[in-house]
Amino acid sequence: MMCRIFLIISLVGWTRCQESQHMTPEEKSIIRDRVVEMFDHAYGSYMKYAYPADELMPLSCKGRVRGQEPNRGDIDDSLGKFSLTLIDTLDTLVVLNKLDEFEDGVKKAVADVRLDNDVVVSVFETNIRVLGGLLGAHVMADLLRQRGGRMQWYKDELLNMATELGHRLLPAFNTTSGLPYPKVNLRYGVQNRLSRTGTESDTCTACAGTMILEFAALSRLSGEAVFEEHARKALDVLWERRQKGSDLVGTVINIHNGEWVRRDSGVGAGIDSYYEYLMKAYILLGDKVFLERFNTHYSAIMKYISQPPLLLNVHMHNPTVLRGDLKPAIETHEMLYQVTKQHKFLPEAFTTEFRVHWGQHLLRPEFAESTYYLYKATGDPYYLRVGQSIAEKLNAYARVPCGFAAVQDVRTGMHEDRMDSFFLAEMFKYLYLLFTEKTQLPIDMDDYIFTTEAHLLPVSLSTAQPSCQGNKTESHGGGPEDDLFTHTCPSTDTLFPNNPSFAKSIRDSYKYLTGVGRAVHTSPVREIELPLHDSGMEPVEFLKSMGISLTPLSDFSTGDTRREHKGVYRVKLVAEVSQTLDEEVVVPHVVQLISPPFLGRTVLTAGPAKFGLDLTKREHGVKGSLAKASPYTACGPVENPAELKGHIAVALRGDCMFAAKARRLQEAGATGVIFIDHHKGSSSEETPLFQMVGDGDSTADLTLPLVFLFSREGAVLTAALEEHRNVDVLLLPKERQLGHVKTDKPMGISIKLRLAEDQDEQEEEVEEAASGGGSIVEIVLDEGGELKRDTTEP
């Protein structure tokens, strides 16, 4: 879902804050101490309840060990049985000045962690979390050793582990193009018959383009050039495959022939850290070609994709702060502030109308990161208050007895039993640095650059260890003309004087962006350009499917001259701020069990889909017998087509898109699909219904009915199927379920006034009223005219 041109703003966690113009040193100290206490609670819980497992399950108070917990699909590819959270957290311990804990953690990692596990892992996640974590921890250990006193026993063990891991990742690069496979088996590589991987043909742009920092650092620290060579080759392929007319890259690419699988572009997840690493590679390695490429892409993004304060398909790993172009960064940050006035945390995704699309909040750190960078760039204490709010909301609403728990849906506040390693690796680094002066830190942060996982690599690598022989990447020229930001880092006195009013003047323009706190009015027509490739109009069709109206520029009387670009259409986006910020109307559906012994009495609330057969247009719904898909997630070739043919398939959510599952099951002969949520404990009573959406491609070929059950309702259905084998159900809108009485006209009400002694006469009147339908309100008076009693009979 993340590798699509959804006109959805892909997000990460932050919270509402109150604007203030000043924060005293005492206040900063108090908040800093609170952040440290929160870190101690999170890290201490991991070490107490989870270590040496990869991650902590904060609700269960135990470790998450791959293979011992229900499979979560691609999410589990981060777990390699290598104590992920410990390694990811080591250099955070140094930043927070917890040097005793750091030394103890290094000893544990050296003694306990093994990297030759028979586990298939994500190349991207293992690189940024584990390889980056080992390198960052090695750099810190080496620094402390050189200072004397601490770490005198250290003999580059972490660097040796990093080198071993690097060699275990290298088989992923054994492709025709030089782009890496997305997954690798740590013990058997890719093409070994025991590897259980190597069949993949595609990877995301970020997955291939986010290797250069860690691999180049590993080459320069170890003296083995092979790592940097492979990472540079992958970047060269992505650059060569950019669309020459627009200088944009797609989001998914074939690793064998280098052809784009998804040509839509953006700066969201699946592509974001590719841009980030081009800029940071220039800073870390001193190679100008990376800066030239970044600036070329940046100009294209600003031209075709940016729609202030939004970036279409935007993600908070926004390169504008790092580049020094603060205006769009401040605009986007303020937009998110306005959105979060409605929620305690940012949802994973929301629409351009600022409505929740995907309510999950995984304790992501990117908003804290951007807040830190904006404070460093502007000196505006406003961002200290934002950081304070982030910490307070985490402590109030995500903290649990055994750590901090992700939020399953920001609208309900229900927790999820996960605490990803990046929470410790990144969130507490940025929050601590935000409230700490340079003189209070054990290291000089200006000597390091953050990787995308916030691991620390020394900028001295560009000079102290020159790049390996033959590792220079040739400049291709043709980049944009230099501007004010081309060779500049942010927060210089020339570009941005330390003047808080600079940021405030930009924020004020977006203060009521979402309609909160102001009278509602129609927003003006706003212009954007979409790069639509010659291969088709999928992005436009997908936007239409989301209810967003796109009108050709020629339909507007603007007086502008249309600019011609091959494969690019200029359009106007016409949008209005609705008069209510309620969620989109979702028509409740049901799964009604109609075979014995249920006979229609068991009715499960379900959510509909935006594609497939529209059940609201089927008067009597769709009837069928149930059959469970195999594999249950329906994300691979269907293994039981004979059982599914002519039946309504039951499949588990996760691992791949709803549309992909539906397509496979339809091809197998299923007459409908019931998807069941894989998030344990979810229910329609506690979580708002939503409509399933497609994957960005056309779903016109999908003609079967599709509904979604939350976990608890799904458990009722699967239990019935296991006990009775043959279970017939009806799929239909809730208002049309069997046994549901629908009233087409108002019922009449008869009001009868009588004296207490007129009993016989009243009974006759009651019978007459009952025969005509309606309700009877009876008022009885005693002989004196006083009210004796009043009753209502149906």
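The stops below cover the disulfides and a sheet.

This is a predicted model, in which local features need pLDDT of at least 70 and side-chain atom pairs count only at pLDDT 80 or more, while totals for chains, interfaces and linings use all residues. Residues are numbered from 1 along each chain as its sequence is written, and side-chain values use heavy atoms, with hydrogens and water left out.

Begin with the cysteines: a search of the whole structure finds 3 disulfides, a disulfide being a pair of cysteine sulfur atoms within 2.5 Å.

Select C61 and C402, which are joined by a disulfide with an S to S distance of 2.0 Å. This pair links distant parts of the chain, 341 residues apart. C402 is buried, with a relative accessible area of 4%, whereas C61 counts as partly exposed at 30% (buried means under 20% relative accessible area, exposed over 50%, partly exposed in between, with a 1.4 Å probe and protein chains only).

Next select C204 and C207, a disulfide whose sulfur atoms are 2.2 Å apart; the torsion about its S-S bond is about 80°, so this link is right-handed.

Stay at C204 and look across to V252 in β7, which stands opposite. Here 3 bridges join β6 to β7 (residues 252-254), and the two run antiparallel; strands (E, at least two residues) are DSSP runs numbered from the N terminus, and two of them pair if DSSP finds at least two bridges between them.

Finish at C635 and C656, joined by a disulfide with S to S 2.0 Å, which is left-handed with -90° about the S-S bond.

Definitions and conventions:
Helix = DSSP H or I, 4+ residues; strand = E, 2+ residues; numbered from the N terminus.
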